[in-house]
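Good morning, and thank you for coming. Please look at the sequence and the structure as I bring them up, and keep them in view while I speak.

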Amino acid sequence: IVSPGTTVRKGDRVVVKTKDGEVMVKELKRKTAKAIELKSLNAEHPDRTLSMSDVVWVARIVWASQ
């Protein structure tokens, strides 16, 4: 379950959608007006830094079940 209206903070797990249509789940390392830094939850995938101009939306994950 995600909360699109909730403010995201460092350490939150988030879902990010890019303008290219890519959707990813990562941990928020840092967010500024110009860029977002994301830590991968899966060691097989690299950490990412995206320009905020490439991001459509960011939503905080408030609950997950496996």
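The side chain of Asp12 reaches the backbone nitrogen of Arg9, at a distance of 2.7 Å. That is a polar contact, a term for a pair of N or O atoms within 3.5 Å; within protein, one must be able to donate a hydrogen and the other to accept it, and residues adjacent in sequence count only if both atoms are side-chain atoms. Before I continue, please note that this is a predicted model, in which local features need pLDDT of at least 70 and side-chain atom pairs count only at pLDDT 80 or more, while totals for chains, interfaces and linings use all residues. Residues are numbered from 1 along each chain as its sequence is written, and side-chain values use heavy atoms, with hydrogens and water left out.

Let us stay with Asp12. Its place is the loop between strand E1 (2-3) and strand E2 (13-18). Strands (E, at least two residues) and helices (H or I, at least four) are DSSP runs, numbered from the N terminus. Is Asp12 buried or exposed? Asp12 counts as buried because its relative accessible area is 12%. The scale calls a residue buried under 20% relative accessible area, exposed over 50%, and partly exposed in between, with a 1.4 Å probe and protein chains only.

Although buried, Asp12 has no salt bridge. The nearest side chain of opposite charge is that of Arg9, 4.1 Å away. Here Lys and Arg count as positive and Asp and Glu as negative, while His and the chain ends are not counted. A salt bridge requires a side-chain nitrogen of Lys or Arg within 4 Å of a carboxyl oxygen of Asp or Glu.

Which residues does Asp12 touch, not counting those up to four places away in sequence? They are Thr7, Lys26, Glu27, Leu28 and Arg60, where contact means heavy atoms within 4.5 Å. Trp57, by comparison, lies 45 residues along the chain from Asp12, with 15 Å between the two C-alpha atoms.

Two of these partners deserve a word. Thr7 also sits in the loop between E1 and E2, and Thr7 is classed as exposed because its relative accessible area is 58%. Beyond its neighbours within four places in sequence, Thr7 is in contact with Asp12 and Arg60. Thr7 and Arg60 are 53 residues apart along the chain, yet their C-alpha atoms are separated by 7.5 Å.

With a relative accessible area of 2%, Leu28 is buried. Its contacts, again leaving aside neighbours within four places in sequence, include Val8, Arg9, Val14, Ile36 and Leu38.

I turn now to the charged pairs. How many salt bridges does a search of the whole structure find? It finds three.

One joins Arg48 and Glu22, whose closest N and O atoms are 3.0 Å apart. This pair links distant parts of the chain, 26 residues apart: Arg48 is in strand E5 (residues 48-51), and Glu22 is in the loop between E2 and strand E3 (23-31). Arg48 is partly exposed at 25% relative accessibility, and Glu22 is likewise partly exposed at 34%.

Another joins Lys29 and Asp47, at 3.7 Å from N to O. Here too distant parts of the chain are linked, 18 residues apart, with Lys29 in strand E3 and Asp47 in the loop between strand E4 (35-40) and E5. Lys29 is partly exposed at 34%, and so is Asp47 at 42%.

The remaining salt bridge is between Glu37 and Arg30, with the closest N and O atoms 3.8 Å apart. Glu37 counts as partly exposed at 27% relative accessibility, and Arg30 counts as partly exposed at 49%.

Finally, the surface. Ile1, Val62 and Trp63 form a nonpolar patch there, with about 340 Å² of accessible area together. Accessible areas come from the Shrake-Rupley method with a 1.4 Å probe, and for residues only the protein chains shown count as cover. Patch members have over 30% relative accessible area and no salt bridge; like charges are joined within 9 Å, and nonpolar side chains (Val, Leu, Ile, Met, Phe, Trp, Tyr) within 5 Å. Trp63 lies in the segment after strand E6 (55-61), and Trp63 is exposed, with a relative accessible area of 52%. Ala64 lies in the segment after E6 and is exposed at 62%.
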